[in-house]
Amino acid sequence: MKSEFIADVYHAAAEISKTTGYRPKLGMILGSGLSSLAESYECTKVPYGDIPVLPKPTVEGHRGELYINEDIAICSGRFHYYEGHSPDNVVSTVALLKGLGCERLIVTNAAGGINTGFSPGDIMIIEDHINHLGFNPLMGPNPQIDGTDLGARFPDMSRVYSPAFAAKAQELDGDLKQGVYIAVTGPSYETPAEIRAFSAMGADAVGMSTVPEAIFARYLGMEVGGLSLITNFAAGLGHEELHHDEVVEIGRKAADRMKKLVAGLVDWWLKE
Ligand SMILES: O=P(O)(O)O[C@@H]1C[C@H](O)[C@@H](CO)O1
Ligand code: HPA
């Protein structure tokens, strides 16, 4: 992340706080097909188009709107590496949320189930991740604001996802899965051989996002909780070809259960 870029994003965040009067403590990034989760909250909506420092999302199922109120800021729409965005742009939503005042972050995504105990419609608490993207958002000079490093040059990643968040999620919904998310670049889905390799590496679900956001959020000192909605059997494990419109459709269908879970987690993390 370049110092100038983060300064611009923080500046944009300060402008939003000034106009709306809000400095929420909790941020959330919504995955493919999950944009309706934002509708549970009474919020002011700011289209990404009104935040010129942000790039434009190009993927179906990612709206491109910031929802904000005094408690929560929700990025409905994220930036994926496969869209051609730079690593800085991929994590610009996290920088925006941090600039708005968020100290905690919930990341959500749609993912393919690698673990043979997982089925479409399952929700997996992200317990850990494998970065298979080929880049790390912290590569490059360690950014500074007013001469001070934004975070550690070599940040610890031994506990990216909050165990307290995972425990609370299990308490709220007794039927959750838990596992390791592996991020690949996409946009092609994986081959069955890749899925077998990822399984041997210890991955339970595969997707094309989230990991850079979680790394950057931890670097910034935020607490992170993660949820994957399993939208399909990973390549070779089901009988059908994979299509993004089905990923979005399953996301929409499972949104009510996700909404209930997320609402409980939001209430808890705002009070905790
Ligand atoms: O933004 P997420 O990770 O939820 O989106 C997933 C990964 C790809 O962008 C897309 C593939 O269908 O959905
Ligand atoms: O099977 C998948 N692979 C990668 N990304 C995904 N996002 C949803 N499903 C998948």
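**Notebook: annotated sites and the ligand 2 shell**

I looked up the UniProt record first: the unreviewed entry lists Glu190 and Asn232 under "binding site". Such annotations may be inferred rather than shown by experiment. The two are spread over 43 residues of sequence, yet they cluster in space, with a largest C-alpha distance of 12.3 Å.

The model is predicted, so I note that local features need pLDDT of at least 70, side-chain atom pairs count only at pLDDT 80 or more, and totals for chains, interfaces and linings use all residues. Residues are numbered from 1 along each chain, chains are lettered from A and ligands numbered from 1 in the order written.

**Glu190.** I found Glu190 in the loop between β9 (177-183) and α5 (192-201). Helices (H or I, at least four residues) and strands (E, at least two) are DSSP runs. Glu190 is buried, because 21 other C-beta atoms lie within 10 Å (the cut-off is 20 or more, with C-beta atoms placed from the backbone). Beyond four places in sequence, Glu190 touches Val184, Ile195, Val206, Ala234 and Ala235 (contact means C-beta atoms within 7 Å).

**Asn232.** I placed Asn232 in strand β11. Asn232 is also buried, with 23 other C-beta atoms within 10 Å. Its contacts, leaving aside neighbours within four places, include Gly112, Pro120, Glu246 and Val247.

**Ligand 2.** I listed the shell next: 14 residues surround ligand 2, and the closest are Ala110, Gly112, Val206, Gly207 and Val247 (C-beta atom within 6 Å). β5 (104-113), β10 (205-207) and β11 (223-233) each supply at least two shell residues. β5 gives the largest share, three residues. By class I noted eight nonpolar, five polar and one charged; Gly counts as polar.

Methods
Buried ≥ 20, exposed ≤ 12 C-beta atoms within 10 Å, placed from the backbone. Contact = placed C-beta atoms within 7 Å.
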